[in-house]
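Subject: Structure handover

Hello,

Please find the structure we discussed below. My notes on it come after.

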Amino acid sequence: MANILHIETSTNICSVALSRDGQIVLEREDREGPNHAKSLAPMVEDAVKAADAEGVRLDAVAVSAGPGSYTGLRIGVSTAKGLCYGRGLKLIGIPTLELLCVPVLLGDRFFALCESEPEADIRLCPMLDARRMEVYTALYDRALHLKSEVAPMIVDEQSLQSELAARKVMFFGNGAAKCKEVITHPNAVWVDSIEPIAKNMMPLAEKAFYQGRFEDTAYFEPFYLKDFVAGKSKSLLPQTKS
């Protein structure tokens, strides 16, 4: 099994976790942010010291790969790269929107929905907040296969109507709350209090590690929100995959 340090800085929350053999053995969070420049280094130091004290050799560093805050991601990725260079570790990039899906898939709301509609073709729609009624989002199926690419979306009454007409769609993330009064289709399911947290990276990072999906430490760059051109996507998302 792998020993992985997880770093999440894509939003105002700064968090770090240490996993050993598929179990979280240490976690640190700062929700008073954005304080990433001040908070991240001590958290990482705590995790590294804990690993060293138990004689645990780290195998990799997993870091949130965006989309997300430019400053937050830059600090998180720079820290992760420094650790990888200094300790000879593998670097794993975890898409922030995929990370948001993890607590939903493990949550009571999802289990209840699957129990009531076991054959339902459910879609997961994580949303990261941007200015006004704009969010950054994607669509996943229940196996976390990407069904529509990450894209900006200006939310209005027509947003995702074709998806909602066909199936249940679960909305969550810090961009979802402002959409509740606009997206009113009965197939819309809203899940509150879902945030990108380092400890939830563990199953995704473990899978990437054993599949050998590592980043090139020298050239890896996260997916900054600034990389989207605001207002380019007025309607849905790119063409949904079947």
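This is a predicted model: local features need pLDDT of at least 70, side-chain atom pairs count only at pLDDT 80 or more; totals for chains, interfaces and linings use all residues.

Residues are numbered from 1 along each chain as its sequence is written, and side-chain values use heavy atoms, with hydrogens and water left out.

Confidence

The mean pLDDT (the predictor's confidence in each residue, from 0 to 100) is 90 for the protein, and 93% of its residues reach 70 or more. Over residues 229-242 the pLDDT is below 50. Beyond near neighbours in sequence, that stretch has 38 contacts in the model (contact means heavy atoms within 4.5 Å).

Helix H6

Helices (H or I, at least four residues) and strands (E, at least two) are DSSP runs, numbered from the N terminus. Helix H6 spans residues 202-211, and its buried residues are Met202, Leu204, Ala205, Glu206, Ala208 and Phe209. Buried means under 20% relative accessible area, exposed over 50%, and partly exposed in between (1.4 Å probe, protein chains only). These buried residues pack against strands E1 (3-8), E2 (14-20), E3 (23-30), E4 (60-64) and E5 (90-94), and against helix H3 (96-105). After H6 comes Gly212, with a positive phi near 70°.

The structure holds four aromatic pairs. Rings of Phe, Tyr and Trp (its six-membered ring) pair if their centres lie within 6.5 Å; planes under 30 degrees apart count as stacked, over 60 as edge-to-face and the rest as tilted. Phe209 and Phe214 are an edge-to-face pair, because their ring centres are 5.6 Å apart and their planes are at 75°. Ring pairs link Phe209, Tyr210 and Phe214 into a cluster. Phe214 itself is partly exposed, at 29% relative accessible area.

Lys90

Lys90 lies in strand E5 and counts as partly exposed because its relative accessibility is 43%. Leaving aside neighbours within four places in sequence, Lys90 is in contact with Asp59, Ala60, Val61, Cys84 and Phe214.

Strand E7

In strand E7 (residues 134-140), seven of seven residues are buried. Glu134, Tyr136, Ala138 and Tyr140 point one way, and Val135, Thr137 and Leu139 the other way. Two strands pair if DSSP finds at least two bridges between them. E7 runs antiparallel to strand E6 (residues 123-129), with four bridges, and Asp129 stands opposite Val135. E7 also runs antiparallel to strand E8 (residues 146-154), with six bridges, and Leu139 stands opposite Ser148. The hairpin of E6 and E7 has four residues between the strands, and Arg132 takes a positive phi near 50° there. In the hairpin of E7 and E8, with five residues between the strands, Leu144 has a positive phi near 65°.

Cores

A nonpolar core is a set of buried Ala, Val, Leu, Ile, Met, Phe, Trp, Tyr and Cys residues joined through side-chain atoms within 4.5 Å. The largest has 37 residues, and those with the most contacts inside it are Ile4, Ile92, Ile94, Ile122, Leu124, Met170 and Phe172. Elements giving two or more residues to this core include E7 and H6, and H3 gives the largest share, seven residues. A second, separate core of 25 residues includes Leu5, Val56, Val77 and Leu91.

Regards
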